[in-house]
Amino acid sequence: MDDLATSKLLGASDTDKVASMVANLLEEFVTLSERVAKLEGSTEAGELQDRINVIVDRVMSPLV
Amino acid sequence: MTNSIFDILAWRDEEIPRVRSLLAMRRFWSASLYPALRDEYEAAISGKVRPQTPDEARPFVDALPGLPRWAWLDRHVQDRLWQDVENMVDARQDELATCLTQRDEDQGAFEIDSDQAYPAYYEQTDFHRQTGGIWQDDRGAAVYAMGARVIHIGKNDNFGLHDVFARDIECETPKRILDLACGFGKTTFSLKKKYPDAVVEGIDLAAPCLRLGRRMANDWGLDINWRQGDVEHLPYEDNSFDLITATMLLHELPLPSIRQTFAEANRVLKPGGILVALENPLMGEPLRDVLTQYHSQIIMEPFHFDFRLANMPDFARDAGFAQVEDKPWFPFGGSAASMQGPKDWLTPWRWTEARTN
């Protein structure tokens, strides 16, 4: 086996899975965030969508 | 008391954040990743002969560092969409089964062919990455209907785009109208609303979609006929219809099937009848056109790029249509110039209209 201390351990398909995990976690986080927003009194649909857009933009910004 | 199909398919409060999350990721893909790819592309071709065609652009595009990320997110959002919507539909299965059952008071004929043969391309392709497609069971049709609403939220709530499409058709008092590959009836509803006195019929290979369309039409009070069938082998006599529509159908077909569909439409149209097809063409800008090709591959529309390279007016003329018009269509205003923003991921429309002698 390759040197486990130095070799790249994740191949392309593994990276796909890790990226999917991150995106799935993001969706769960967004769901919770909206609940918080509602508890804080935000109910306007456009405002809630904008809030989620900002979160997604921040989390995904390293992809740009 | 059974809920209406629209009540059943409406998003529940707890589902809306997931819809918003999908929309936000799709927005990031088109409004952030695509402009970044544009910058990379412009840097890559700087100082070189500017590519004029998709083939010339493809080597530059394939080498862009951001391309795998753009492609990955495209695929992920599509898969996430179906997974989320499948969960939503599964929570409604019992209600759906009751709602979709035929009722004595249902308007409109409903013909299912238990021996219906499916073309190989149709059976073998999970179009749009929807596992199992829309034709095998009622769950698939409902997943498709809810997924389509996510994709078009805001832009096509209550099928407004289809209403505009019907509005712009110039066909005076048609008596019989056929909507090809009608799915669950987005265009069919709009045709019946515009032409209430006409006999309007939707035909599709997917019986589950027809069941969904019948229930939606009845909940709206629209008297529409639904029939299972293949657009390449229309189960109608010659000279049967005044108007035939095909919205977002042709790009899902292999080129020989498009030719056969045109020939069948020409056969069943009356003299002076009209076929109107609505599609998304290429932009005529190399980077966008290559990315559009890749997007079609990613979301499993395997015939889309070949369709876009083919000349539909020629196909229509070859099938026997006498007059053919092919033009851009702007359902909500705009112009050709407004579609040319290099960093805007826009989807143009093309309206192809063919008349018989």
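In which helix of chain B does H304(B) lie?

Reply: H304(B) lies in helix α13 of chain B, residues 304–309. Helices are DSSP runs of H or I with at least four residues, strands are E runs of at least two, and both are numbered from the N terminus. This is a predicted model, in which local features need pLDDT of at least 70 and side-chain atom pairs count only at pLDDT 80 or more, while totals for chains, interfaces and linings use all residues. Residues are numbered from 1 along each chain as its sequence is written, chains are lettered from A and ligands numbered from 1 in the order in which they are written, and side-chain values use heavy atoms, with hydrogens and water left out.

H304(B) counts as buried, at 3% relative accessibility. Buried means under 20% relative accessible area, exposed means over 50%, and partly exposed is in between (1.4 Å probe, protein chains only). Set aside residues up to four places away in sequence, and H304(B) touches H251(B), N280(B) and S296(B). Contact here means heavy atoms within 4.5 Å. H304(B) and E252(B) are 52 residues apart along the chain. Their C-alpha atoms are separated by 6.3 Å.

Now take another pair. E42(B) and L96(B) are 54 residues apart along the chain, and their C-alpha atoms are separated by 50 Å. E42(B) sits in helix α2, which covers residues 16–45 of chain B. E42(B) is partly exposed, at 28% relative accessible area.

T188(B) is another buried residue, at 0% relative accessibility. Its helix is α9 of chain B, residues 186–194. Neighbours within four places in sequence aside, T188(B) is in contact with D179(B), C182(B), V200(B), E201(B), G202(B), I224(B) and W226(B).

H128(B) is not a glycine, yet its phi is positive, near 65 degrees. H128(B) falls in the loop between α6 (120–124) and α7 (138–151) of chain B. H128(B) is partly exposed, with a relative accessible area of 21%. T173(B) is not a glycine either, and its phi is also positive, about 40 degrees. T173(B) belongs to the loop between α8 (160–168) and β2 (176–180) of chain B. T173(B) is exposed, at 70% relative accessible area.

Next, chain B as a whole. Chain B has 14 helices and 8 strands. Its C-alpha trace spans about 70 × 55 × 40 Å along the principal axes. The radius of gyration of chain B is 21 Å, which agrees with the value near 21 Å for a compact globule of 357 residues. That radius is taken over C-alpha atoms, and the globule rule is 2.2 Å times the number of residues to the power 0.38. Of the 357 residues of chain B, 55% count as buried. Look at contacts in chain B between residues at least 6 apart in sequence: 82% of them join residues at least 24 apart. The accessible surface of chain B is about 15200 Å², with 49% of it on carbon and sulfur atoms.

Chain A comes next. Chain A has 2 helices and 0 strands. Its radius of gyration is 17 Å, well over the 11 Å from the globule rule for 64 residues, so chain A is more spread out than a compact globule. The C-alpha trace of chain A spans about 55 × 20 × 20 Å along its principal axes. Of its 64 residues, 25% count as buried. The accessible surface of chain A is about 4500 Å², and carbon and sulfur atoms hold 62% of it. Accessible areas come from the Shrake-Rupley method with a 1.4 Å probe, and for residues only the protein chains shown count as cover.

Last, the interface. The size of an interface is often given as the accessible area lost when the parts come together. Chain B and chain A bury about 2100 Å² between them, 56% of it on carbon and sulfur atoms. R20(B), F28(B) and W72(B) supply 31% of the area that chain B buries against chain A, more than any other three residues. Buried area is the accessible area (1.4 Å probe) that two parts lose on being put together, summed over both. In residues, 21 of chain B are in contact with 21 of chain A.
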